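Hello,

Here is the structure I promised to pass on. Have a look at it first, and then read on for what turned up.

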Amino acid sequence: MQDVIRGNFVQRLARFYVADWRGKLPAGPATVRRAFDSPIDSPPYPAGDWLYGGSPTIGVPDTTVYPLMTALKLQNSRTKVYGWAKGTYNQSTSHDNNYPLVFASAPNTARLHQVVTFIERLPDTVQNKHFDWGYHVTALYYGIDYRFTTTKGFLSGQLLVSNRTYGYDPLTEYVDLYFPVKDGLNIRVGRFLELPGLDTPLAPANYTMTRSLVYAAEPVTQTGVVATLKLNKQWIVQLGLTAGHDVAPWSSDHKPSLIACLNYSSATNHDNIYACANGINDGKYAYDNVQQYDVVWSHRFNAKWHIASEGWVMYQRDVPNVSQNVENPVPTESGTLGAMCAPGQLRCFAPEYALVSYLNREISPSLTVGFRADLLNDKKGQRTGTATKYTETTLYMNRYFGSTFLVQTDLRFDHSWDKLGYNNGKARNQLVGGISLVYRY
């Protein structure tokens, strides 16, 4: 890569981007995989493998070369520093609020959503002969999106006390311990993203600019330990114990909570099913203490077409009634919502379920288009504040320039079926068009 990295730091950085955008980055050395071949291409998709949470993808080498590391002449280092910046603009028929559309909830405005820097070392999971280790530190996760990722106990006063528009969240901090057991065993300890899920708070790792209704109601992170055992190429099992959803172990709302997952890939790797029971405990009302049962199914039709779908059921018990139909109501915790209970009930059972499906078409190695359909039934309003069924449909297009600059555009229509769920309870329908720019370094 000498023709890319010669010169001083600024010149090496600039030459990396120019070569990347022109498709002229030199190919790296041939790599070995101990997993199925990638079913889809990345780019233009966020990942080439069917993903599972709580672990690196076991048996897949780390081949990514980042602009910043190249400019520092550290492109061969096991420890990598990388990140991105994301800004968006949307135009909406709502004027007060786009919620429950999240990560673009402010209508008719441009926002800085994320400036992210990670420091990371991935364990070598391609080999299966000896112990290895890795770690991941969020040096920076700043922007308006912190409002949707905050965990109680991790600098949460910025949101729960001060309600700042922009803030910093130490989103993911963990160590990985890899052991040569079966086809590979990884044990992750720390704060990590929820298992499973098609959407993520990490901007480049999503099919679309906006997040689904399914994601809007889901928790975001957990803090604890999760073990991922790859039995063979087709089967993976996971077990974990955490402090609960979106709470630190030192928070007053922490509860020992179980994670149990099973991941299966067909012999052709054209199908993948990932099922989890997530955050399971007594289920009594606390900060984001939902009991979640989630399934993700992905299918490859051919080299150009694939579909990815997710469905879940969640609930909490003994949620305070906020319907104003009871004397001396029980107060809710800061940062949480109560339930629309029957008259006279101080507390009640609050369930919800959701489904989403992404249909994707690769037009070229740099361009994809797709369609998303989505349903959320917030039966007691405990996730959105309005007890209603929501649906949304989105047409989206993603255009990569090289592997480092991504433009995403969405055209999205939302509808609430039982009550006025949009524009702060003033509208039943919402149409949003938007554009997102993601610059990776």
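A term to start with: a nonpolar core here is a set of buried Ala, Val, Leu, Ile, Met, Phe, Trp, Tyr and Cys residues joined through side-chain atoms within 4.5 Å, where buried means under 20% relative accessible area. Please keep in mind that this is a predicted model.

By that definition, the largest nonpolar core has 33 residues, and Leu195, Tyr274, Trp312 and Leu376 have the most contacts inside it. Several elements supply at least two residues each to this core, among them α5 (213–217), β9 (257–265), β12 (305–320) and β13 (347–364). Take Leu376: beyond its neighbours within four places in sequence, its contacts include Leu213 and Ala217, as well as Trp312, Tyr353 and Ala354. Another core lies apart from the largest one; its 18 residues include Tyr66, Tyr82, Trp84 and Leu406.

Now for the chain as a whole. There are five helices and 17 strands, and the C-alpha trace spans about 75 × 45 × 45 Å along its principal axes. The radius of gyration is 22 Å, which agrees with the value near 22 Å that a compact globule of 441 residues would have. Of those 441 residues, 54% are buried. Among contacts between residues at least 6 apart in sequence, 62% join residues at least 24 apart.

As for charges, the mean positions of the 41 positive and 36 negative ones are 5 Å apart.

Best wishes

Key: Residues numbered from 1 in each chain as written. Predicted model: local features only at pLDDT ≥ 70, side-chain atom pairs only at ≥ 80, totals over all residues. Heavy atoms only, no water. Helix = DSSP H or I, 4+ residues; strand = E, 2+ residues; numbered from the N terminus. Rg over C-alpha atoms; globule rule 2.2 N^0.38 Å. Buried < 20%, exposed > 50% of the residue type's maximum accessible area, 1.4 Å probe, protein only. Contact = heavy atoms within 4.5 Å. Lys, Arg positive; Asp, Glu negative; His and termini not counted. Charge placed at Lys NZ, Arg CZ, Asp CG, Glu CD.
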